[in-house]
Every structure is written in C-alpha cells, then in structure tokens.
Amino acid sequence: MSSLPRAPDCLNASEWEVISDCVKILKPFENITSELSGENYPTLLLVIPLIQGFQYMLKNLRTETTIGIEFKNKLIDVVGRRLGNLEKDKIVAKSTLLDPRLKKTAFGLQENADNAHKWICEELTNTIRAKNDNTEITESDTTQSTSSAIICSVWKHFDDKVAQVKITSNPNATASIMIRQYLEIPPLDRKKNPLEFWKQYEVTFPELYKMQLKCNSTLEATVFPMASILFKDNCNGSITGVSL
C-alpha cells in the first residue's frame with residue numbers, strides 16, 4: 001500500500017500501541033452484545049449480571065498507553081452512570097430474580113435483591129388474592145344451586161370446614177412460602193435455558209410461571225443499542241485525540 005500514489009501514512013509504533021489498547025477495551029462490548037442478541041432465550045434477565053461483569057472486566061483491564069488509560073476510565077464512568085442503576089428498575093430486577101440461574105446472586109447490592117423480592121411478593125399476593133376472590137364467587141354460585149342437596153349430605157360438616165379454611169387463608173403468606181420454595185431450589189446451570197426450568201415447574205409455581213413470562217415479554221430495547229446509550233449526550237466529548 002505504501003507504494004501506491006497518495007498512500008496514507010503508515011501508523012507508527014505508539015499508534016499501534018493505542019490501537020492495541022482500544023481493541024482490548026472494546027472487546028467486552030463484543031461479548032455483551034453477543035450475549036444480549038440471542039433469539040432462543042430471554043435476554044432481559046441477563047442485563048444485570050452482564051453489566052456487572054462488563055464493569056469488572058474494564059476495571060481489571062491493563063492498558064499500556066495514556067490514551068488507553070483515559071479511554072478505559074471514561075468508559076467505566078459512562079457505564080456506571082448510564083447502566084449502573086438498572087438493578088433498581090422494577091421490571092429488570094424482577095426478571096433477574098425469576099431467572100433460576102441467577103436469583104439473588106446476580107445483584108450487586110443486597111438491598112436491590114431484597115427490593116426485587118418484595119416487588120415479586122406484592123404482585124404475587126395480589127394475583128393470589130384475585131384468584132381466591134374469583135374462586136369464592138364461583139363456589140358461592142355453585143353452593144346456591146345445590147343447597148338443598150348439601151343440607152341432606154353427610155359431607156356438609158366437612159365441606160363447611162374446608163370453606164372456612166379457604167376464607168382464612170392469607171394470600172401474603174402463600175406468596176411468601178411460594179417464593180421461599182423457589183429460592184431454595186438449587187441454582188440452574190448457567191448454560192441451561194431458564195425456559196426449560198419454568199416448563200418443568202409450571203404446575204408447581206403457576207403464578208410465578210405467569211409472572212416471569214410477563215416480565216420477559218417486556219420490550220428489551222430499553223437497554224440497547226449499547227453505544228447509543230453510553231455515548232448519548234457525549235457525542236462532542238473527546239479523549240486526548242480520540243473522538244467519541
């Protein structure tokens with residue numbers, strides 16, 4: 001190429017070193033983009049652990065040039081400001097906790113994991129309460145239509161006791177027990193598809209099954225494309241000769 005007319009100047013040794021640093025710094029972008037571009041598995045629930053891994057890789061990356069160090073520090077700052085609070089997002093947090101591979105372990109702060117637990121418990125309680133109310137209405141209609149037969153039934157005493165148990169059941173306690181049972185199940189292997197887990201436990205945790213479907217059906221474009229989020233409002237910024 002150097003023999004061609006009007007050939008561009010070749011890069012010198014220091015410029016090659018800068019390029020080498022930039023390639024290392026941008027490699028995590030390729031990894032995280034590949035993970036979040038999957039079509040055969042839900043990706044919203046991967047956001048929190050991937051962002052944490054992304055930040056960890058950047059912080060522990062060794063760079064050799066001044067430009068590389070400045071570029072890395074700039075990225076760490078931007079990622080922290082723009083993506084660091086995703087743990088506090090209700091939809092993302094619930095989706096992460098309902099991933100049988102991740103659960104509470106994926107969160108950087110225990111407080112955020114506890115908040116996700118609380119949000120799921122509240123939604124689950126409301127779902128169970130609404131389900132119980134509908135069941136009571138249905139059973140009430142059935143009881144009225146067969147009241148004359150039940151009066152003469154030897155099962156009347158038992159049926160009345162069962163009805164009383166249903167009335168006194170606590171939706172919040174039921175929700176808490178269900179979540180605790182889910183969290184006590186050993187974590188699924190990270191390489192396995194969480195959808196297979198939920199197919200297996202659909203009957204055991206029907207309300208949680210529906211909730212995770214709802215969470216993962218949410219539009220996931222709120223997180224990416226990565227570059228547009230990280231560098232929005234910084235288009236005119238620069239790092240000592242490197243335009244952002």
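Reader: Is Asn-216 buried or exposed?
Author: In this predicted model, Asn-216 counts as buried, at 16% relative accessibility. Buried means under 20% relative accessible area, exposed over 50% and partly exposed in between, with a 1.4 Å probe and protein chains only.

Reader: Where is the place of Asn-216, and with which residues is it in contact?
Author: Asn-216 has its place in helix α10. Helices are DSSP runs of H or I with at least four residues, strands are runs of E with at least two, and both are numbered from the N terminus. Leaving aside neighbours within four places in sequence, Asn-216 is in contact (heavy atoms within 4.5 Å) with Pro-42, Leu-45 and Ser-95.

Reader: What separates the C-alpha atoms of Asn-216 and Val-92?
Author: These C-alpha atoms are separated by 8.9 Å, and the two residues are 124 residues apart along the chain. Val-92 is one of the buried residues in α4, as is Ser-95.

Reader: Why is helix α4 largely enclosed by the rest of the structure?
Author: Helix α4 (residues 90-97) is largely enclosed because 6 of its 8 residues are buried. They are Val-92, Ala-93, Lys-94, Ser-95, Thr-96 and Leu-97. At the start of α4, the backbone nitrogen of Ile-91 has a side-chain oxygen of Asp-89 within 3.1 Å.

Reader: Back to α10, please. Is Glu-207 buried or exposed?
Author: Glu-207, in helix α10 (residues 206-216), is buried, with a relative accessible area of 10%. Beyond its neighbours within four places in sequence, Glu-207 is in contact with Leu-124, Thr-127, Ile-128, Lys-131 and Met-178.

Reader: Which elements have the lowest and the highest mean pLDDT?
Author: Strand β2 (residues 242-243) has the lowest, 47, and helix α8 (residues 171-184) the highest, 93. Here pLDDT is the predictor's confidence in each residue, from 0 to 100. The protein averages 80, and 76% of the residues score at least 70.

Reader: Where does pLDDT stay under 50?
Author: It stays under 50 over residues 219-225, with 9 contacts beyond four places in sequence.

Reader: Which conventions apply to the model?
Author: Residues are numbered from 1 along each chain as its sequence is written, and side-chain values use heavy atoms, leaving out hydrogens and water. As the model is predicted, local features need pLDDT of at least 70 and side-chain atom pairs count only at pLDDT 80 or more, while totals for chains, interfaces and linings use all residues.

Terms used: Polar contact = N/O pair within 3.5 Å; in protein donor to acceptor, adjacent residues only side chain to side chain.
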